[in-house]
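User: Hey, could you walk me through this model? I'd like to start with how the terms are set, then go on to the details.

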Amino acid sequence: MLTRLKTLPRDARDTLFLLLVIAWVLLPQVGNLPLWCSTLAGTVLIWRGWLAVEARPLPGKWWLLALLALTIGATLMTHRTLLGRDAGVTMLVVLLTLKTLELRARRDAFVVFFLGFFCMLSNFFYSQSLLTAFSMLLGLMGLLTVLVNAHLPVGKPPLLQSAKTAGWMALLGAPIMLVLFLLFPRIAPLWGVPADAMTGRSGLSSSMQVGNIATLALDDSVAMRIRFEGGKPPPQQDLYFRGPVLTNFDGRNWQPLRAFLPSRFALPANLEVAGAPVNYEVTLAPNNHPWIFVMEAATQTPDLPGFRSSMDPDLQWFTNRPITDLVRYKAQSYPIFRHGPRQQVIGLQEYVALPPGFNPRTLALAAEIRRDPRYTTANTRTLVQVALERLRTGGYVYTLEPGVYGQHTADEFWFDRKEGFCEHIASAFVVLMRALDIPARIVTGYQGGEANNIDGYWVVRQSDAHAWAEVWQAGEGWVRVDPTSAVAPGRTGAFQRLAAPQGVVAQALGNFSPTLTAQLRATWEAVNNGWNQWVLNYTQGKQLNFLKDIGFESPSWEDLSYVLIAIVVLAALVGAAWTLWDRAQHDPWLRLLARVRKRLDKAGIHSTPATSPRQLALEVIRRYGQQGQALHDSLMRLEHLRYAAMPPSGDKKQLHALRQEFDRLAWPA
């Protein structure tokens with residue numbers, strides 16, 4: 001097979017290489033494309049490769065029209081439109097692969113090349129990670145190699161030679177790329193991230209469904225990175241990053257509060273803090289929601305350039321638009337705080353509401369606790385401890401595979417299954433609290449994190465998404481209670497996480513050296529964090545700070561434009577100077593001969609670069625006789641200056657004199 005590939009004609013070899021490059025560019029898109037699109041694209045590329053190897057004719061236009069019609073119909077059925085990011089990328093991928101079936105001329109090849117560049121860029125619509133950037137850099141080198149190779153029409157040049165030329169082109173373009181990256185005005189992205197689709201995976205959404213997921217897959221992707229400023233970071237059990245607060249419950253779904261009481265009965269935040277604050281910086285990954293996360297609790301608005309942030313009465317922080325790109329902000333939090341009303345108010349009634357007809361055994365359990373003489377008049381703190389003690393001693397298990405729950409989710413957890421992950425535990429606990437006539441609600445967010453000893457950042461993953469409870473106590477307001485800690489203390493205290501299933505390679509590395517595996521992971525994440533901080537998070541503010549660093553006191557967009565224009569002008573001057581220098585490096589004798597040939601060409605005496613001065617002199621005498629004698633003599637001296645057996649000394653001076661002589665001659669018309 002290898003021998004046959006080596007003996008293929010150049011057209012077939014070049015076509016196969018182009019198809020491999022296209023496949024590499026499209027490979028990262030497989031997870032974002034409909035299954036039919038990936039299958040069709042792969043089939044067309046394989047078909048085109050077979051046609052090239054077997055030297056078969058390309059299909060006719062009716063085949064292409066049929067496939068195009070099929071693609072348009074399938075795209076409409078899948079995306080309900082031909083516009084937008086997803087539908088556009090689907091059409092672009094199919095058009096690129098179908099165009100390979102029309103590779104009959106160089107013009108067709110150029111269309112394929114530039115469609116390939118567009119498809120390469122479309123990968124960044126879905127991911128701007130370092131891995132995506134590296135793979136697309138390889139794709140760029142492949143496309144440039146194919147493009148260079150297409151401009152070498154003679155023979156069968158080795159692809160390695162074209163790859164070297166493409167590499168030099170990329171290196172020459174790197175300074176321009178760097179300048180544009182640093183100085184080109186930053187604008188909002190033209191695309192967003194995919195819609196929230198975390199069902200069945202760890203992470204956050206704006207609501208919580210209890211019992212519908214039989215198995216929760218841990219998502220180890222990074223939700224945010226945190227750098228604590230100065231001092232020692234807070235203990236892990238205090239690292240609660242607040243997200244959506246869920247109050248309304250219909251028996252299975254928890255939703256944010258939809259108040260039925262007039263707005264004047266809404267509960268105020270009444271946030272009071274104590275102790276020393278914690279200062280930190282958060283690098284938040286895109287989540288397609290208008291949320292930002294701060295450690296409980298923050299009194300000051302986080303410093304988030306380009307966004308307007310505000311806190312609602314539930315202490316959740318919102319922005320004026322969804323987070324669709326990597327953002328970085330500074331915040332200050334107080335681990336010791338209290339909030340909410342201190343005395344009983346009408347608005348607390350919405351936090352004891354339960355849907356009728358659900359969880360009768362949990363309601364009976366609450367009534368049984370209230371009938372116990374020890375707890376008939378017990379306060380909220382005591383009743384909370386009763387519920388937590390039941391969780392600690394009742395054989396309850398924290399697991400990611402609890403199975404699908406039925407209609408009465410709290411009943412099944414308390415009396416039947418006795419297992420679940422944090423949403424089951426928090427939901428069952430809040431239902432029991434409300435059945436005891438204690439105002440309670442669910443808070444979702446992230447809990448914990450792990451320090452990266454390479455770059456010093458704390459990493460919070462989607463697998464750290466968590467749900468806990470808040471109960472209301474007279475004189476204190478809302479108090480955090482994490483019932484999961486009673487079932488699995490290591491989840492929030494010793495930071496013992498349920499691990500996601502590992503692949504074969506990860507298992508082998510872990511068995512060989514767990515320390516090496518952890519170190520490799522920390523190093524990779526530190527490199528990714530550097531990419532996030534210095535590339536993806538290079539914002540408008542950083543551009544203006546860069547101008548400050550180079551001497552502008554109060555930089556503006558006009559200053560940025562001036563710097564960019566100055567660099568463009570400077571680059572043009574450098575290019576012009578290099579051109580003049582390069583021209584001066586050429587043989588001055590050849591440049592003078594070229595000037596003479598050009599003048600003679602206007603007089604009707606045509607020549608080629610191979611025509612010698614003697615031949616030109618003879619042609620001048622033949623055509624003009626004695627009128628051309630002076631020009632004849634000058635041409636002969638020009639040849640003698642070049643080809644004399646012993647060139648006279650001072651040939652540069654003689655060449656200069658000869659150049660002036662040619663300028664003074666009366667050239668024939």
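Analyst: Helices (H or I, at least four residues) and strands (E, at least two) are DSSP runs, numbered from the N terminus. Residues are numbered from 1 along each chain as its sequence is written, and side-chain values use heavy atoms, leaving out hydrogens and water. This is a predicted model, where local features need pLDDT of at least 70, side-chain atom pairs count only at pLDDT 80 or more, and totals for chains, interfaces and linings use all residues.

User: OK, which residues does the cis peptide bond join?

Analyst: Glu 296 and Ala 297, with omega at about -5°. Ala 297 sits in the loop between strand 8 (291-292) and strand 9 (309-311).

User: And which residue has a positive phi of about 50°?

Analyst: That's Asn 270, which is not a glycine. You'll find Asn 270 in the loop between strand 5 (253-255) and strand 6 (272-274). Asn 359 also has a positive phi, about 55°, and lies in the loop between strand 12 (336-338) and helix 9 (360-371). As background, most residues other than glycine have a negative phi, and most peptide bonds are trans.

User: Is Asn 359 buried or exposed?

Analyst: Buried, with a relative accessible area of 2%. Asn 270 counts as partly exposed at 38%. The cut-offs: buried is under 20% relative accessible area, exposed is over 50%, and partly exposed is in between (1.4 Å probe, protein chains only).

User: Switching to the sheet: what's the strand order?

Analyst: Five strands run 11-7-2-17-16 in an open sheet, with antiparallel pairing. Strand 11 (327-333) and strand 16 (450-451) are the edges, each pairing on one side only. Two strands pair if DSSP finds at least two bridges between them.

User: How many bridges does strand 7 make with strand 2?

Analyst: Five, between strand 2 (residues 222-228) and strand 7 (residues 278-284). Across that pairing, Ile 226 is opposite Val 282 and Phe 228 is opposite Tyr 280. With strand 11, strand 7 has seven bridges, and Asn 279 faces Gln 332 there.

User: Why is strand 7 largely enclosed by the rest of the structure?

Analyst: Because six of its seven residues are buried.

User: Last one: which residues of helix 3 touch helix 5?

Analyst: Trp 36, Cys 37, Leu 40, Ala 41, Val 44 and Leu 45 of helix 3 make the contact (heavy atoms within 4.5 Å). On the helix 5 side, the residues are Thr 90, Val 93, Val 94, Thr 97 and Leu 98.
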